[in-house]
Amino acid sequence: MSAPHAQPALLPVATGRQVRDYLRTLLRGRRLLLAGTVAAMAAQSALALAGPVAIGRATQAVVDHRSSAALAGPVALLAAAALAAAATGWAATVLLARLVLPAIARLREDAVTTVVELPVDAVEAGGTGDLVSRVSGDVELVSDAASGALGSFVGSALAIVSALAGLAALDWRFAVAALPAVPIQAGTLRWYLRTSRPIYAAGRIADGRRASALLTGFTALPTLRALRLGASQQQRIGAASADSMEYEFRATRAATRFFGRLNLAEFTGLGAILLVAFLLVRSGQADVGAATTAALFFAGLFDPINALLGVFDSMQQAGAGLRRLVGITTVRPAAAPPDPDPGPDPGRRPPTEPSLAADDVRFGYGPGPDVLHGVSLRVEPGQRLAVVGTTGSGKSTLASLLAGLREPGAGSVTFGGAALTALDLPQRHIALVTQETHVFAGSVADNLRLGRPGAGDAEIRAALAAVGATAWVDALPDGAGTAIGGGGHPLTAGQAQQLALARVRLLDPSVVILDEATAEAGSDAARALDHAAAALVEGRSAVVVAHRFTQVVDADAIVVLEQGRVTAHGTHDQLRSAGGAYASLWRAWSQGRPADED
Amino acid sequence: MAAPVLTRGPRRTPARPATGPVPVGSSRQLLWGALRTRRRDLLAASVLYSTHQLGESMVPVVIGLTISHAVDHGSRASIGLWLGVLAADFVLLSMSYRFGARASMRAKQHTGHQVRMWLTDRVVGPAGGVSHPPGDLLSRASSDADRVGAYAGMFAIAVAAAVVLTAATAVLLSFSLLLGAVIVAGTAVLLVAQNSASRLLRRRSGTEQHQRARATTLAEDLVRGLRVLKGIGAQRNAADAYCRASRTAGAASLHATSSQATLASVGALLTGLYLTAITGLGGWLALDGRLDLGRLVAALGLAQFVIGPMRVLSGASAAYARALASAERVREVLASESAVQDAVQVQVQVQVQDAAQQQHTAVGRGGKGAGEIAFAGVALGGAADRAALRLEAVVPAGTMTGVVCGDPVAAARIPHLLAREHDPSSGTVLLDHVPIRDLPLDDLRARVLVSPHEAVLLPGTVADNLAALAAEPAAVERAAAAAFADQVVEAVPAGERTPVGDRGEALSGGQRQRVALARVLAAAPPVLVLHDPTTAVDAVTEAGIAARVGRLRQGLTTLVVTTSPAWLARCDQVVLLTPGGCRVAPHTALLGEDAYRELVAR
Ligand SMILES: Nc1ncnc2c1ncn2[C@@H]1O[C@H](COP(=O)(O)OP(=O)(O)OP(=O)(O)O)[C@@H](O)[C@H]1O
Ligand SMILES: [Mg+2]
């Protein structure tokens with residue numbers, strides 16, 4: 001039952017109280033709709049009572065040997081009830097959907113809106129599957145269970161209430177006789193709630209693992225095919241799916257035991273009534289008619305009682321999903337509280353270009369050791385700073401700190417003297433092109449518009465032209481309208497990097513940070529990509545992380561990062577003649593590249 | 001059912017027994033084919049649920065008998081006996097429900113699981129050709145597969161309802177032919193009316209699932225691209241786009257629910273009217289003296305009783321409509337055309353007609369060649385101007401050969417063709433003189449191992465990834481050293497037991513690339529194809545890797561598609577591919593040419 005690998009740190013799960021608080025705010029302003037839904041449900045259930053009444057009257061008419069005209073009344077009542085039941089039933093379902101579906105949509109939107117503001121590492125730690133399964137699988141579960149629960153709650157409650165109205169007609173001793181059923185029912189419910197809660201909770205986590213296994217497979221298809229790992233991934237998916245099934249089976253076993261014990265309660269109550277009836281009739285204290293009424297009355301009551309208790313099962317299921325969904329919304333990030341306003345005018349550049357500085361920055365991932373040990377640097381307005389270092393030395397980490405994606409563990413990153421994390425949407429002025437590229441599912445234009453949703457076609461074309469992507473974009477089947485990303489037209493790594501540069505171009509930030517943004521320039525595209533990067537950097541402050549020295553040699557300043565420490569800084573010529581790490585990197589790079597330089 | 005049989009790598013799938021061909025002819029075939037795999041559970045659940053219904057309907061009967069035989073001045077023994085009968089009935093109804101519900105749940109879950117397995121088998125299978133975004137596929141493999149399962153879970157309840165309905169009809173027919181006929185007609189009208197109403201539900205349910213999948217796709221895309229989004233501060237825009245999709249999906253769900261409501265009210269209306277008809281007709285018959293009072297009461301009681309089963313059948317038809325809509329979405333994926341034909345299938349199909357070719361294939365398979373790759377006029381271009389790029393070269397067995405190509409799109413195509421992600425529009429790739437199209441995919445990929453440039457790591461630890469393709473620790477260690485992945489192990493906090501994250505995102509870019517390289521090196525395939533394997537690695541490390549890989553691959557064939565001089569300098573020969581043609585020469589010789597220097601100098 002255990003996952004094959006170290007358990008990922010999943011996103012949090014809410015407490016019952018948090019869920020209730022959330023639901024309260026969600027229902028605010030929807031009470032009228034809720035009342036309407038309940039009214040429609042009650043009406044629908046009440047109409048079901050018309051059947052027995054009309055049939056009773058029709059029978060009476062037959063008993064009394066009245067004319068067939070006497071049947072008209074009951075028949076008309078039945079027909080009217082049928083029409084009204086159809087109408088109220090329709091209304092109840094639709095109103096319920098209007099109540100539940102938008103609320104649940106709001107919930108998943110809140111969840112996603114919160115997630116994007118969380119630190120990347122917190123989100124990545126749980127894996128994509130965790131979040132995605134919450135906003136898809138859990139949402140479905142909650143809306144199904146919530147709809148079912150509310151419907152059967154109202155229906156069975158009404159049935160119980162109307163049945164209890166007939167209680168007055170009964171001999172009180174029969175009612176007392178049925179009481180032994182109550183402690184069994186209460187005990188069963190308590191037992192069940194205790195048993196099923198952890199099963200449902202673990203079942204949801206298993207569902208998340210299944211989603212992870214599926215997504216792992218679906219996002220690695222070429223790799224799986226090429227390395228013949230498809231079959232083993234299929235097995236992992238099969239195992240995860242079987243694992244999540246196992247929880248469903250456990251839940252069913254518990255639920256059927258629950259209903260089995262309720263059956264026992266029914267039998268106990270019914271048996272006691274019959275036994276009491278036997279004794280009372282024997283001793284002449286009650287007549288057979290009263291006994292019959294009482295026994296049938298209680299037999300009819302047990303069904304709605306079971307249904308009512310079954311509502312707790314649906315609620316339990318919905319609760320397991322809700323906790324996971326609401327759980328996400330409870331982790332409001334400390335910095336940059338999500339602000340529904342669009343904020344200050346986008347693209348606004350500060351009047352004086354401030355400088356970006358890191359001061360004695362330390363940082364480690366999660367509980368792991370520090371990977372940056374007191375890094376200080378400064379990028380003056382308009383300056384281009386290059387960062388070089390061997391692989392794994394901490395360059396990308398530094399870049400993400402400078403862009404405000406991560407917060408330093410100690411020390412500070414400041415922009416114009418203010419701590420980056422205190423600034424509202426620092427990204428307005430600082431854009432980072434990450435080492436990892438991602439092409440979003442959508443058109444080429446959609447991909448560029450992510451940064452600036454309002455950008456016009458002309459601006460899109462200009463941005464594409466600026467990064468030298470016009471030729472290949474035009475050659476795509478639908479030009480800039482071609483679907484790319486998952487399932488769309490495949491792009492080369494270099495093309496993906498060009499789009500990443502074009503996105504930033506469209507944003508027009510005052511500081512750009514390029515993390516290996518031209519690493520994929522392995523050919524003709526190299527020139528285009530280098531030009532694109534150069535054009536992007538022109539007139540802005542820039543931090544360029546690069547293994548390719550074409551991006552480094554003419555930088556205004558260069559820092560060398562080794563194992564999380566700045567070990568040297570200066571210009572290309574200074575560093576080259578100083579020897580050390582920079583000189584050996586440079587030597588390795590320029591070997592075999594005789595055409596340029598030297 | 002002439003569906004293409006799904007093929008898996010025969011060697012790596014010992015675990016699951018074959019379930020026969022997947023029925024992909026139509027959504028109905030798929031749905032019923034999936035249900036058929038759980039025949040036993042469905043049968044058991046149907047029998048048990050029917051028994052449960054019987055037990056439930058016996059409760060009032062037993063109560064009546066107890067009262068008349070025991071309560072009404074019976075003996076102590078008689079009350080004991082009748083309470084015993086009541087207990088037996090409760091045991092029957094309780095146990096039949098318990099095991100019926102469990103069998104039904106098994107049917108439901110396993111049917112969903114089966115559909116999911118069919119789908120994923122097709123998606124991750126070797127032949128490729130499925131092009132849907134991951135989130136969309138996830139939605140089909142979860143939500144849609146589960147909806148097909150949900151129908152299986154509903155099936156036994158519907159069968160039990162049908163049994164009850166049939167029994168009630170029989171009893172009613174024995175009272176009065178006319179009343180029985182009303183039940184039969186009522187049921188028929190109900191089913192027909194529901195059937196036409198359910199067509200709308202089916203369509204809307206399809207739309208609902210489509211919109212939900214779109215929202216899921218966006219969510220998945222957004223999380224996977226979160227670094228990129230946050231880098232440019234676009235996370236809110238992306239979240240807004242998700243919210244829009246979520247609202248569209250919500251509206252589509254509302255739509256589907258309202259047609260489900262219509263379907264249900266049609267059912268409610270018809271059952272109500274049917275009760276009206278029976279009451280009117282029965283009363284009239286009784287007044288007319290053609291039906292005695294006892295039978296009238298019984299008939300009306302029965303008529304009320306069968307409304308429950310009728311509603312169940314009506315609900316089942318809604319579940320059926322939804323299941324069909326989802327089955328269609330699964331079928332779309334199953335029926336998507338393979339990107340390449342697997343020679344295994346071809347062999348079966350052309351067994352008789354083309355014996356000559358078969359023999360050819362057999363030779364190619366049998367003779368474990370040395371690993372020579374030949375490109376015979378292989379077209380690398382898609383666009384018109386690139387059609388001029390034709391690869392015409394031989395990679396001798398046991399050499400390390402570089403391929404330099406100015407056009408990155410064409411260059412990327414070379415590893416793709418060798419991995420048979422797709423086949424060239426013209427020309428042939430040969431492995432030891434056998435066209436690779438004629439080799440079974442699994443054989444080919446075992447002998448020619450292509451490490452895609454975008455190779456992703458799989459969840460697990462660094463060690464899991466290093467040893468993904470090779471079991472032997474010594475081979476893994478050698479490969480790790482050659483790819484400088486041993487340094488990765490030293491650099492990360494928990495050594496080789498460090499988890500790499502979902503797709504390797506807990507490693508640095510260069511660390512990720514080195515682990516991916518070590519992974520394929522460890523397999524020590526006869527032919528290894530690399531595509532720009534060290535773009536995220538610094539120049540010093542890159543030079544070290546190229547040298548060590550060259551040494552490790554001594555005597556084996558290695559093809560490196562790259563423009564990096566560090567690799568090219570280690571190659572025995574380099575193929576320079578230009579629109580003008582192919583040149584094959586050592587790196588040092590080619591360095592004299594401007595065109596080549598231009599390409600490799602950056
Ligand atoms: N998300 C993460 N979680 C945990 N550890 C990480 C994460 N990202 C990077 N690391 C670790 O931090 C160290 C520095 O990584 P970083 O990505 O900053 O290196 P880099 O200099 O950019 O390397 P490269 O040139 O290979 O891209 C590495 O040892 C790496 O394993
Ligand atoms: Mg990096």
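**Domains, ligand site and salt bridges**

Tutor: The model is predicted. In chain B, the domain assignment gives domain 1 (27–204 + 262–334) and domain 2 (341–365 + 398–406 + 448–600).

Student: What distance separates the centres of domain 1 of chain B and domain 2 of chain B?

Tutor: The centres are taken over C-alpha atoms. For domain 1 of chain B and domain 2 of chain B, the separation is 59 Å.

Student: How is chain A divided, and how far apart do the C-alpha centres of its domains lie?

Tutor: Chain A is divided into domain 1 (16–329) and domain 2 (356–592). Between the C-alpha centres of domain 1 of chain A and domain 2 of chain A, the distance is 54 Å.

Student: Which chains surround ligand 1?

Tutor: Of the 21 residues around ligand 1, those that come nearest are A:S396, A:T397, B:S508, B:G510 and B:Q511. Helix 12 (395–402) of chain A and helix 16 (509–522) of chain B each supply at least two residues of the shell. The site is therefore shared between chains, the residues around ligand 1 coming from chains A and B.

Student: How do the residues of the shell around ligand 1 divide into nonpolar, polar and charged?

Tutor: The shell is sorted by residue class. Its residues divide into five nonpolar, four charged and 12 polar.

Student: What percentage of the accessible area of ligand 1 does the protein cover?

Tutor: Some individual contacts come before the total. An oxygen atom of ligand 1 is 2.8 Å from a polar backbone atom of A:G392, and a nitrogen atom of the ligand is 3.2 Å from a polar backbone atom of B:A506. A polar side-chain atom of B:Q511 lies 2.7 Å from an oxygen atom of ligand 1. Of the 630 Å² of accessible area that ligand 1 has on its own, the protein covers 91%.

Student: Which helix holds both A:D207 and A:R210?

Tutor: A:D207 forms a salt bridge with A:R210, with the closest N and O atoms 3.4 Å apart. Both residues are buried. They are three residues apart, about one turn of the helix, and both lie in helix 8 (residues 181–218) of chain A.

Student: Is B:D146, which forms a salt bridge with B:R116, buried or partly exposed?

Tutor: The closest N and O atoms of B:R116 and B:D146 are 3.3 Å apart. This pair links distant parts of the chain, with B:R116 in helix 3 (residues 76–124) of chain B and B:D146 in helix 4 (residues 134–175) of chain B, 30 residues apart. B:R116 has a relative accessible area of 0% and is therefore buried. B:D146 has a relative accessibility of 31%, so this residue counts as partly exposed.

Student: Is B:R140, the salt-bridge partner of B:E332, buried or partly exposed?

Tutor: In the salt bridge between B:E332 and B:R140, the closest N and O atoms are 2.8 Å apart. B:E332 lies in helix 8 (residues 293–334) of chain B and B:R140 in helix 4 of chain B, 192 residues apart, so the pair links distant parts of the chain. B:E332, at a relative accessible area of 37%, is partly exposed. B:R140 has a relative accessibility of 5%, which is under 20%, so this residue counts as buried.

Student: How many salt bridges does the structure hold over all chains?

Tutor: Some of the residues already discussed are linked in a network of salt bridges, including A:D207, A:R210, B:R116 and B:D146. Over all chains, the number of salt bridges is 48.

Student: Is B:H73, which has a positive phi, buried or exposed?

Tutor: Most residues other than glycine have a negative phi. B:H73 is not a glycine, yet its phi is about 60 degrees. Its place is in the loop between helix 2 (39–71) and helix 3 of chain B. With a relative accessible area of 56%, which is over 50%, B:H73 is therefore exposed.

Student: In which loop does B:A524 lie?

Tutor: B:A524 has a positive phi of about 45 degrees although it is not a glycine. At a relative accessible area of 46%, B:A524 is partly exposed. Its position is the loop between helix 16 and strand 7 (527–531) of chain B.

Key: Residues are numbered from 1 along each chain as its sequence is written. Chains are lettered from A and ligands numbered from 1 in the order in which they are written. This is a predicted model: local features need pLDDT of at least 70, side-chain atom pairs count only at pLDDT 80 or more; totals for chains, interfaces and linings use all residues. Side-chain values use heavy atoms; hydrogens and water are left out. Domain bounds come from an automatic or database domain assignment. A residue is near a molecule or strand if one of its heavy atoms lies within 4 Å of it. A polar contact is a pair of N or O atoms within 3.5 Å; within protein, one must be able to donate a hydrogen and the other to accept it, and residues adjacent in sequence count only if both atoms are side-chain atoms. Accessible areas come from the Shrake-Rupley method with a 1.4 Å probe; for residues, only the protein chains shown count as cover. Helices (H or I, at least four residues) and strands (E, at least two) are DSSP runs, numbered from the N terminus. Ala, Val, Leu, Ile, Met, Phe, Trp, Tyr, Cys and Pro count as nonpolar, Asp, Glu, Lys and Arg as charged, and the others, Gly among them, as polar. A salt bridge is a side-chain nitrogen of Lys or Arg within 4 Å of a carboxyl oxygen of Asp or Glu. Buried means under 20% relative accessible area, exposed over 50%, partly exposed in between (1.4 Å probe, protein chains only).
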